[in-house]
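Here is a short briefing for a first look. Please have the sequence and the 3D view open as you read.

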Amino acid sequence: MRAGERHGSDALIRALRDQGVDDPRVLDAFRRTPREGFVPASHRAEAYEDIPLPIPHGQVTSQPSLIAQMVAALGLTGRERVLEIGTGLGFQTALLGRLAREVWSVERYADLAARSRANLAAAGVPNATVIVGDGTRGLAGHAPYDGVVVSAAAPEVPAPLAGQLAAGGRLVQPIGTGGAERVIAFTERGGRLLKGELVTFARFVPLVGRHGLSE
Ligand code: SAH
């Protein structure tokens with residue numbers, strides 16, 4: 001950390017800028033959300049490096065610059081209701097909470113959901129709710145969503161997620177399998193998803209569920 005920095009987030013902001021992340025609202029959300037509160041204690045020293053880190057159950061919290069690109073692709077203004085699939089320990093959930101009006105996040109592992117709720121409370125994110133379940137089914141009770149972000153990979157967008165998007169809503173998901181996925185940003189038009197735009201290439205854990213991959 002350099003002299004005068006409030007906490008390690010400033011070092012991470014520099015790393016994000018070096019990676020070409022320039023959306024001021026996204027950078028501000030990172031500045032207000034210390035990542036050390038969302039990584040396992042054993043990896044806290046690396047929290048402000050732009051690297052993915054392991055979390056329980058063989059899962060991974062994504063590289064911050066990748067999260068920044070995916071969140072930026074939703075084009076949030078602060079008025080939206082957002083659905084996140086794959087909470088992990090809640091870091092991206094917290095960023096979404098800073099950038100949108102309301103966040104619903106679905107995680108299949110109950111212990112990760114419980115830890116992410118505690119992390120979000122400690123970080124002061126009051127507008128994000130974590131639900132345990134199969135996110136490939138979406139969360140019909142709170143639909144429609146202006147934005148959906150899926151943090152695990154599958155060959156296709158699960159049909160329920162497409163169906164729960166609001167008119168003109170955005171959906172960002174890594175598409176593919178085997179650790180070489182294309183992160184695609186889709187837009188809803190007239191009840192269908194338009195052909196998506198490539199955000200970046202990345203390696204994700206599998207989206208395991210009824211409308212995704214099998215265990
Ligand atoms: N956005 C998080 C990603 C965590 S890793 C971060 O960067 O910190 C992806 C998460 O997706 C894992 O916690 C995994 O358990 C979860 N996941 C995989 N398939 C799921 C499904 N069908 N429903 C809900 N969560 C799922």
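Which polar backbone atom is 3.2 Å from a nitrogen atom of the ligand? The atom belongs to Arg108. This is a predicted model, where local features need pLDDT of at least 70, side-chain atom pairs count only at pLDDT 80 or more, and totals for chains, interfaces and linings use all residues. Residues are numbered from 1 along each chain as its sequence is written, and side-chain values use heavy atoms, with hydrogens and water left out.

**Ligand contacts**

- A polar contact is a pair of N or O atoms within 3.5 Å.
- A polar side-chain atom of Thr61 lies 2.7 Å from an oxygen atom of the ligand.
- A polar backbone atom of Gly86 is 3.3 Å from a nitrogen atom of the ligand.
- Taken alone, the ligand exposes 570 Å², and the protein buries 99% of that (Shrake-Rupley method, 1.4 Å probe).

**The shell around the ligand**

- The shell holds 23 residues (a heavy atom within 4 Å of the ligand).
- Thr61, Ser62, Glu107, Gly135 and Val208 come nearest.
- By class, the shell has 9 nonpolar, 11 polar and 3 charged residues. Ala, Val, Leu, Ile, Met, Phe, Trp, Tyr, Cys and Pro count as nonpolar, Asp, Glu, Lys and Arg as charged, and the others, Gly among them, as polar.
- Strand E2 (59-61) and strand E4 (102-107) are the elements that give two or more residues to the shell. E2 gives the most, with 3 residues.
- Helices (H or I, at least four residues) and strands (E, at least two) are DSSP runs, numbered from the N terminus.

**Aromatic pairs**

- The structure holds 2 aromatic pairs (ring centres within 6.5 Å; planes under 30 degrees apart are stacked, over 60 edge-to-face, the rest tilted).
- The rings of Phe30 and Phe91 have centres 5.7 Å apart and planes at 75 degrees, so this pair is edge-to-face.
- Phe30 lies in helix H2 (residues 24-31) and Phe91 in helix H4 (residues 91-99), so the pair ties together parts that are 61 residues apart in sequence.

**Backbone details**

- Ala143 and Pro144 are joined by a cis peptide bond, with omega about 5 degrees.
- Pro144 is in the loop between strand E5 (128-132) and strand E6 (145-150).
- His57 is not a glycine, yet has a positive phi of about 65 degrees.
- The loop between strand E1 (53-55) and E2 contains His57.

Conventions:
A polar contact is a pair of N or O atoms within 3.5 Å; within protein, one must be able to donate a hydrogen and the other to accept it, and residues adjacent in sequence count only if both atoms are side-chain atoms. Rings of Phe, Tyr and Trp (its six-membered ring) pair if their centres lie within 6.5 Å; planes under 30 degrees apart count as stacked, over 60 as edge-to-face and the rest as tilted.
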